[in-house]
Amino acid sequence: MEWFLCLVQQSYLLVYLKHIYAWALDHRVHHKYSETTSDPHNAKRGFFFSHVGWLVLTPHPDVVKKRKIIDMSDLEADPIVMWQKRYYPILFLLLTVGLPVAIPVYFWEETIWNSFWICFNTRFCITLNIAFCVNSLAHMWGYKPYDKDINPVENMIVSIAALGEGWHNYHHVFPWDYKTGEFGSRLNLSTQFIDFFAKLGWAYDLKYASPEMISRRARKSGDGTHIETHLWGYGDEDIEIEDKKELENIVSGTST
């Protein structure tokens with residue numbers, strides 16, 4: 001697990017998603033108080049705020065209060081997480097700025113100026129905005145197969161760009177599922193990354209929702225797109241009315 005955390009730590013540094021502790025703190029507050037004044041990047045305050053505004057504006061007083069009461073004892077007891085937190089400024093300069101800029105200069109004789117603007121600034125801008133789309137686009141535009149009454153949505157474009165982090169309606173309904181999506185390997189390189197290291201024994205105790213649990217929740221509170229989206233041919237216009245009724249009874253569990 002320690003080696004796996006080191007790899008995760010490096011990925012956070014490369015895209016500058018704060019250190020693990022700070023990111024986890026805001027993420028926990030976000031899930032517990034999603035789309036309220038206590039949500040650090042409340043999407044109800046608009047696209048700009050949820051995308052990047054929350055990082056440059058003074059946080060709402062409710063956010064400050066909730067950050068102080070969220071339980072972080074598990075991460076505070078983790079030596080790797082706390083080591084990264086302590087040395088984050090140095091690690092950021094070395095691994096987010098220094099290393100990406102130095103590699104093209106050393107191996108391909110690129111100029112420092114070009115390498116700095118392409119390998120740091122341009123890369124930095126692109127990766128940050130992709131990550132920010134999870135807080136903005138994935139809370140605004142898409143379908144809601146698991147819970148139609150919350151803001152987070154399933155957004156395929158965000159999932160492709162963010163390596164699987166766009167299945168956000170699912171993620172907010174089942175936040176403890178490590179896959180962050182019903183279909184772990186579908187447009188979800190993040191899950192494949194974890195699965196690979198799980199096979200090596202580096203990632204373990206992985207939690208996930210059962211198909212039965214997912215189906216029950218979709219039937220109970222989804223917007224109706226769960227079946228239509230994931231079962232090819234369901235809902236076609238040429239299906240007989242009697243067959244449609246029978247299918248609906250099967251899905252609802254009322255079939256005899």
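This is a predicted model: local features need pLDDT of at least 70, side-chain atom pairs count only at pLDDT 80 or more; totals for chains, interfaces and linings use all residues.

Biologist: Which residues make the contact, and how many of them are nonpolar, polar and charged?

Modeller: On the H3 side the contact is made by Ser50, His51, Val52, Trp54 and Leu55, while H8 contributes Asn129, Phe132, Cys133 and Asn135. Sorted by class, the residues of this contact of H3 with H8 are five nonpolar, four polar and no charged.

Biologist: Is Leu128 buried or exposed?

Modeller: Leu128 is found in helix H8, and its C-alpha lies 9.3 Å from that of Val52, although 76 residues separate Leu128 and Val52 in sequence. The relative accessible area of Leu128 is 13%. Since buried means under 20%, Leu128 is buried.

Biologist: At what angle do helix H6 and helix H7 pack, and which term describes it?

Modeller: Helix H6 (residues 79-86) and helix H7 (residues 88-108) have axes 5 Å apart and an angle of about 80°. That angle makes H6, relative to H7, roughly perpendicular.

Biologist: How many charged residues does the contact of H6 with H7 have?

Modeller: Trp83, Gln84, Lys85 and Arg86 of H6 meet Tyr88, Pro89 and Leu91 of H7. By class, the contact of H6 with H7 has four nonpolar residues and one polar residue, and the number of charged residues is two.

Biologist: Which side chain makes a polar contact with the side chain of Thr225?

Modeller: Thr225 is found in helix H13 (residues 225-230), and at 18% relative accessibility Thr225 counts as buried. Leaving aside residues up to four places away in sequence, Thr225 touches Tyr143, Lys144 and Pro145. The polar contact, at 2.6 Å, joins the side chain of Thr225 to the side chain of Asp223.

Biologist: Where in the protein is confidence lowest, and where is confidence highest?

Modeller: The protein averages a pLDDT of 86, and 84% of the residues score at least 70. Confidence is lowest, at a mean of 50, in helix H1 (residues 2-15), whereas the highest value, 97, belongs to helix H4 (residues 61-69).

Key:
Residues are numbered from 1 along each chain as its sequence is written. Side-chain values use heavy atoms; hydrogens and water are left out. Helices (H or I, at least four residues) and strands (E, at least two) are DSSP runs, numbered from the N terminus. Buried means under 20% relative accessible area, exposed over 50%, partly exposed in between (1.4 Å probe, protein chains only). A polar contact is a pair of N or O atoms within 3.5 Å; within protein, one must be able to donate a hydrogen and the other to accept it, and residues adjacent in sequence count only if both atoms are side-chain atoms. Contact means heavy atoms within 4.5 Å. Axes are lines fitted to C-alpha atoms, for helices over the stretch in contact, and angles run from 0 to 180 degrees between N-to-C directions. Angles under 35 degrees count as roughly parallel, over 145 as roughly antiparallel, 65 to 115 as roughly perpendicular and the rest as oblique. Ala, Val, Leu, Ile, Met, Phe, Trp, Tyr, Cys and Pro count as nonpolar, Asp, Glu, Lys and Arg as charged, and the others, Gly among them, as polar. pLDDT is the predictor's confidence in each residue, from 0 to 100.
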